[in-house]
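Here are my notes for your first read of this model. Keep the structure open and check each point as you go.

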Amino acid sequence: MQIGLTHSVRFMTKDVVPIHEVARNLIATERLIHESLQLLPDMYDGLELKTSSVSVSELTNASPLREIVAVAVFLAYQEELEKEVPELIERLTGVTVPGSYDTLVTALVLMVAVYVIDYATRSLFARTQETKLREEYMRRLEYLEDLTNVPAADLNRLVEKRFSAGKVRSLLRKSIDFFRPATNEKDAIVDAGRVGQIERDALNEIPTALELTLEETRTTYEEYAVSVELHRADVDYAKQGWVAVIPDISVERKKMTLPPEIPPSELYGVTTLVGDVTVVQEKKLGSDFTVKEYHLIRVIEIVSKSSDKDQGLE
């Protein structure tokens, strides 16, 4: 079934936000929405997220910058779930989603973005003391506990499990880009209506692009709708797992990891696909960044498959 939700946020700036910053923010918003929605099946056993799509409903680049994004979510669920959490199913599958649940996407996005930045900056800049970002993350958990009836401690465990160190690295720049319209202007805050505000003290702890570049020896970026030549683990490079060639990026074979929502069995026999990927780059002292590995984000289209004979599995 399909349900329609909304993500809405205002960046309380005094000046008009440059177009390139708005574009960065919207791209980051799309990625964070897709990633955040993956928490729903983790929160409710028996709920399956099939696909999700994002489109801009309203964009006002005056002061403040206001964004309203429509989110179409395709869900499947087991009958047992309807008995266990009837309020969730009734609200999410109704023709009209009540206002309280219309904040779900925004609440998830803010929580994930704050968590990613707090986790990364603690590791990157060796921050050990309690931070305003951490306090903000705890407030995000409390809001979602009230909204979903999932205890904050359980939500935290699910977030930590899904957003591991590697995933955090791949989302860090997108999370920073998400907040950039506010962090680029002194005294600006992020206002998400009923979901609450991200206060200036927390935003001040978000690193700038320059700080991030000076500290990192590993960076990531996304490529969308690229052709991926896939090689099965039991055919070659068995100890490395999946490997792939993405001609638009490099002709060399590189390790590729799959997200938890794509079981390896779904790609059995697939030789070429079109999908979105995160490119992980690393550099050594005095050298440039080079491609280290790929993380598959989602599969858009299966282009070709090979037979068992071709794979040498007969």
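1. One term comes up throughout. A residue is buried if its relative accessible area is under 20%, and exposed if that area is over 50%. Please also remember that this is a predicted model.

2. Start with helix α7, residues 152–162. Its buried residues are Ala152, Leu155, Asn156, Val159 and Arg162. Where do they fall, seen down the axis of α7? They sit within an arc of 140 degrees, so they line one face of the helix. An α-helix has 3.6 residues a turn, so residues three or four places apart point the same way.

3. Now step back to the chain. There are 314 residues, and 48% of them count as buried. The secondary structure comes to 11 helices and 10 strands. The accessible surface is about 15500 Å². Carbon and sulfur atoms hold 49% of that surface. Look at the contacts too. Take those with a separation of 6 or more: 69% of them come from residues 24 or more positions apart.

4. Helix α6 covers residues 132–148. It has 17 residues and reaches 24 Å from its first C-alpha to its last. That is close to the 24 Å expected at 1.5 Å a residue. Its buried residues are Leu133, Arg134, Glu136, Tyr137, Arg140, Leu141, Leu144, Leu147 and Thr148. Down the axis of α6, they fall within an arc of 155 degrees, so they line one face of this helix. Just after α6, Asn149 takes a positive phi of about 65 degrees.

5. Helix α1 spans residues 19–37. Its 19 residues reach 27 Å from the first C-alpha to the last, close to the 27 Å expected at 1.5 Å a residue. The buried residues of α1 include Val22, Ala28, Leu32, Ile33 and Leu37.

6. Turn to the strands. Which strands form the closed barrel, and in what order? Five of them do, running β6-β7-β8-β10-β9, with mixed pairing. The twist averages 50 degrees from one strand to the next. Helix α8, residues 165–183, packs on the sheet. It touches β6, β9 and β10, and its direction makes about 110 degrees with that of β6.

7. Follow the barrel pair by pair. Strands β6 and β7 pair in the antiparallel sense over three bridges. Here Glu229 stands opposite Val245 in β7. Three bridges also join β8, residues 250–257, to β10, residues 290–305. This time the two strands run parallel. Lys255 has Glu293 in β10 as its bridge partner. Met256 stands opposite Tyr294 in β10.

8. The pairs that involve β9 come next. β6 and β9 run antiparallel and are joined by 10 bridges. Two places to look are Arg218, opposite Glu282 in β9, and Tyr221, opposite Val279 in β9. β9 and β10 also pair in the antiparallel sense, over 12 bridges. One example is Val274, whose bridge partner in β10 is Glu301.

9. Is β9 mostly covered or mostly open? It is mostly covered: 11 of its 13 residues are buried. In a regular strand the side chains alternate between the two faces of the sheet.

10. Why does Gln281 count as buried? Its relative accessibility is 16%, and the cut-off for buried is under 20%. Gln281 stands opposite Val291 in β10. Leave aside its neighbours within four places in sequence. Gln281 is then in contact with Thr217, Arg218, Thr219, Tyr221, Phe289, Thr290, Val291 and Lys292. Find Arg218 in that list: it is the residue opposite Glu282 in β9. Find Tyr221 as well: it stands opposite Val279 in β9.

Notes:
Residues are numbered from 1 along each chain as its sequence is written. This is a predicted model: local features need pLDDT of at least 70, side-chain atom pairs count only at pLDDT 80 or more; totals for chains, interfaces and linings use all residues. Side-chain values use heavy atoms; hydrogens and water are left out. Buried means under 20% relative accessible area, exposed over 50%, partly exposed in between (1.4 Å probe, protein chains only). Contact means heavy atoms within 4.5 Å. Helices (H or I, at least four residues) and strands (E, at least two) are DSSP runs, numbered from the N terminus. The expected span of a helix is 1.5 Å times one less than its number of residues. The arc is that of the directions from the helix axis to the C-beta atoms. Accessible areas come from the Shrake-Rupley method with a 1.4 Å probe; for residues, only the protein chains shown count as cover. Two strands pair if DSSP finds at least two bridges between them. Axes are lines fitted to C-alpha atoms, for helices over the stretch in contact, and angles run from 0 to 180 degrees between N-to-C directions.
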